[in-house]
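Visitor: I have not seen this structure before. Please take me through it with a few questions.

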Amino acid sequence: MLIDSHAHLGSERFAADVDAVIQRGWEAGLSRVIIIGETTTVARDVARKAPGKLSFTAGVHPHEAANFDFDRDIPAIRSLVADGAVAIGECGLDYFYDHSPRAQQMVAFQAQLNLCAEV
């Protein structure tokens with residue numbers, strides 16, 4: 001069984017041809033794809049194209065931590081988990097690129113870890 005555990009099929013790059021991209025994956029031997037999401041519903045909507053074969057996650061990437069808003073993002077992630085997200089992420093710390101200040105990355109990551117423990 002071949003699983004792509006980190007696909008960005010919710011990206012705008014695939015908006016015009018996501019169905020063809022997914023079909024090529026099946027033809028190449030994929031049996032399941034986990035679409036890495038954010039706090040939007042795009043990954044969820046793509047995953048609904050093939051229930052049981054496509055899954056999605058929800059979270060705030062460390063590069064976006066500078067824009068993290070607890071009162072907006074945690075309820076959005078919680079809602080997506082209730083709506084079928086299989087994991088919280090892509091989240092974590094990225095001290096290589098430092099697109100967001102490290103202190104803000106830590107706040108966003110800790111909030112998401114707390115949500116993981118809760119749900």
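**Surface and core**

Guide: This is a predicted model. A nonpolar patch on its surface is formed by Leu-93, Tyr-95 and Met-106, which together have about 250 Å² of accessible area.

Visitor: Is Met-106 buried, partly exposed or exposed?

Guide: Met-106 belongs to helix H4, residues 102–118. Its relative accessible area is 39%. Buried means under 20% and exposed means over 50%, so a value in between makes Met-106 partly exposed.

Visitor: Which residues does Leu-9 touch, not counting residues up to four places away in sequence?

Guide: Leu-9 is one of the core residues that touch the most other members. With residues up to four places away in sequence left out, Leu-9 touches Phe-14, Val-18, Val-21, Ile-22, Val-33, Ile-35 and Val-46.

Visitor: What distance separates the C-alpha atoms of Ile-34 and Gln-110?

Guide: Ile-34 is in strand E2. Its contacts, not counting residues up to four places away in sequence, include Asp-4, Ser-55 and Val-86. Ile-34 and Gln-110 are 76 residues apart along the chain, and their C-alpha atoms are separated by 23 Å.

Terms used. Residues are numbered from 1 along each chain as its sequence is written. This is a predicted model: local features need pLDDT of at least 70, side-chain atom pairs count only at pLDDT 80 or more; totals for chains, interfaces and linings use all residues. Side-chain values use heavy atoms; hydrogens and water are left out. Patches are made of residues with over 30% relative accessible area and no salt bridge: like charges are joined within 9 Å, nonpolar side chains (Val, Leu, Ile, Met, Phe, Trp, Tyr) within 5 Å. Accessible areas come from the Shrake-Rupley method with a 1.4 Å probe; for residues, only the protein chains shown count as cover. A salt bridge is a side-chain nitrogen of Lys or Arg within 4 Å of a carboxyl oxygen of Asp or Glu. Helices (H or I, at least four residues) and strands (E, at least two) are DSSP runs, numbered from the N terminus. Buried means under 20% relative accessible area, exposed over 50%, partly exposed in between (1.4 Å probe, protein chains only). A nonpolar core is a set of buried Ala, Val, Leu, Ile, Met, Phe, Trp, Tyr and Cys residues joined through side-chain atoms within 4.5 Å. Contact means heavy atoms within 4.5 Å.
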